[in-house]
Amino acid sequence: QVHVVESGGGLVRPGGSLRLSCVASGTIHRIYTMAWYRQAPGRERELVASISTTRFTNYADSVKGRFIISRDNFANTTYLQMNSLEPEDTAVYYCVVDLAIVGRQREGYWGQGTQVTVFS
C-alpha cells in the first residue's frame, strides 16, 4: 500500500512565499516522475510543475521564474518552493507520484491536496 501526503499549505500575502512538501511511503519499488497540480474553484486541475528521475523539470508558463520544484530521492519527497505568490495562485495543490510497487505496474498515486490561499 502506498500513501502520498502533502503539507505546507496555508495563508500568505501577495508577494509572499510558501514551500510545499510531498512524501510517498509504503511498499515502493521505484519512483519515477513527481509532479504538482493545482485546482482553483470552478477551474480544471492543471499541471504546475514536474520533475523526472534525472531532475529534468517542467513548469506551467504562469509559474515560471517564481516556483521551483525539487526532489529528494532518498526521502521519496518532492518540494515546491513558491515565491512571489499572487492571488491567482490560490488553489488546492495536489502531488502525484508516478511509481511502481513490487509485483505491479507503475501508476500515479495522488495525495489529498493542501490549500494555498493568497489574499490581500
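**Exercise 1. Which backbone nitrogen does the side chain of T114 reach, and at what distance?**

*Solution.* The model is predicted: local features need pLDDT of at least 70, side-chain atom pairs count only at pLDDT 80 or more, and totals for chains, interfaces and linings use all residues. Residues are numbered from 1 along each chain as its sequence is written, and side-chain values use heavy atoms, with hydrogens and water left out.

Step 1. Locate the residue. T114 is placed in strand β11, residues 114-118. Strands (E, at least two residues) and helices (H or I, at least four) are DSSP runs, numbered from the N terminus.

Step 2. T114 counts as buried at 10% relative accessibility. Buried means under 20% relative accessible area, exposed over 50%, and partly exposed in between, with a 1.4 Å probe and protein chains only.

Step 3. Identify the partner. The backbone nitrogen of G9 is reached by the T114 side chain at 3.2 Å.

Step 4. Describe the surroundings. Not counting residues up to four places away in sequence, T114 touches E6, S7, G8, G9, L20, A91, V92 and Y93. Contact means heavy atoms within 4.5 Å.

**Exercise 2. Determine which cysteines form the disulfide and where they lie.**

*Solution.* Step 1. Count the links. The structure holds one disulfide, a pair of cysteine sulfur atoms within 2.5 Å.

Step 1. Name the partners. C22 is joined to C95, with an S to S distance of 2.0 Å. The pair links distant parts of the chain, for C22 belongs to strand β3 (residues 18-26) and C95 to strand β9, 73 residues apart.

Step 2. The link of C22 and C95 is left-handed, with -75 degrees about the S-S bond.

Step 3. C22 is buried, with a relative accessible area of 0%, and C95 counts as buried at 0% relative accessibility.

**Exercise 3. Trace the salt bridges of R66.**

*Solution.* Step 1. Apply the criterion. A salt bridge is a side-chain nitrogen of Lys or Arg within 4 Å of a carboxyl oxygen of Asp or Glu. By this rule the count comes to seven salt bridges.

Step 1. Take the partner E86. The closest N and O atoms of E86 and R66 are 3.9 Å apart. E86 is in the loop between β8 (77-82) and β9 (91-101), whereas R66 is in the loop between β6 (57-59) and β7 (67-72), 20 residues apart.

Step 2. Take the partner D89. R66 forms a salt bridge with D89, with 2.8 Å between the closest N and O atoms. R66 lies in the loop between β6 and β7 and D89 in the loop between β8 and β9, so the pair ties together parts that are 23 residues apart in sequence.

Step 3. R66 is buried at a relative accessible area of 10%, and D89 is buried at 1%. E86, at 34%, is partly exposed.

Step 4. R38, E46, R66, E86 and D89 are linked in a network of salt bridges.

**Exercise 4. Which residues touch the most other members of the largest nonpolar core?**

*Solution.* Step 1. A nonpolar core is a set of buried Ala, Val, Leu, Ile, Met, Phe, Trp, Tyr and Cys residues joined through side-chain atoms within 4.5 Å.

Step 1. Name the residues. W36, L80, M82, Y93 and V97 touch the most other members among the 31 residues of the largest nonpolar core.

Step 2. Find the contributing strands. At least two residues of this core come from each of β1 (2-7), β3, β4 (28-39), β5 (46-51), β7, β8, β9 and β11. The largest share, six residues, comes from β9.

Step 3. Examine one member. Not counting residues up to four places away in sequence, M82 touches G16, S17, L18, L20, R66, F67, Y93 and V116.

**Exercise 5. Classify the aromatic pairs.**

*Solution.* Step 1. State the rule. Rings of Phe, Tyr and Trp (its six-membered ring) pair if their centres lie within 6.5 Å; planes under 30 degrees apart count as stacked, over 60 as edge-to-face and the rest as tilted. Two aromatic pairs are found in the whole structure.

Step 1. Classify Y37 and W110. Their ring centres are 5.1 Å apart and their planes stand at 55 degrees, so the pair is tilted. Y37 is in strand β4 and W110 in strand β10 (residues 107-110), 73 residues apart.

Step 2. Classify Y94 and W110. This pair is edge-to-face, with 6.5 Å centre to centre and 75 degrees between the planes.

Step 3. Y37, Y94 and W110 form one aromatic cluster.

Notes
Polar contact = N/O pair within 3.5 Å; in protein donor to acceptor, adjacent residues only side chain to side chain.
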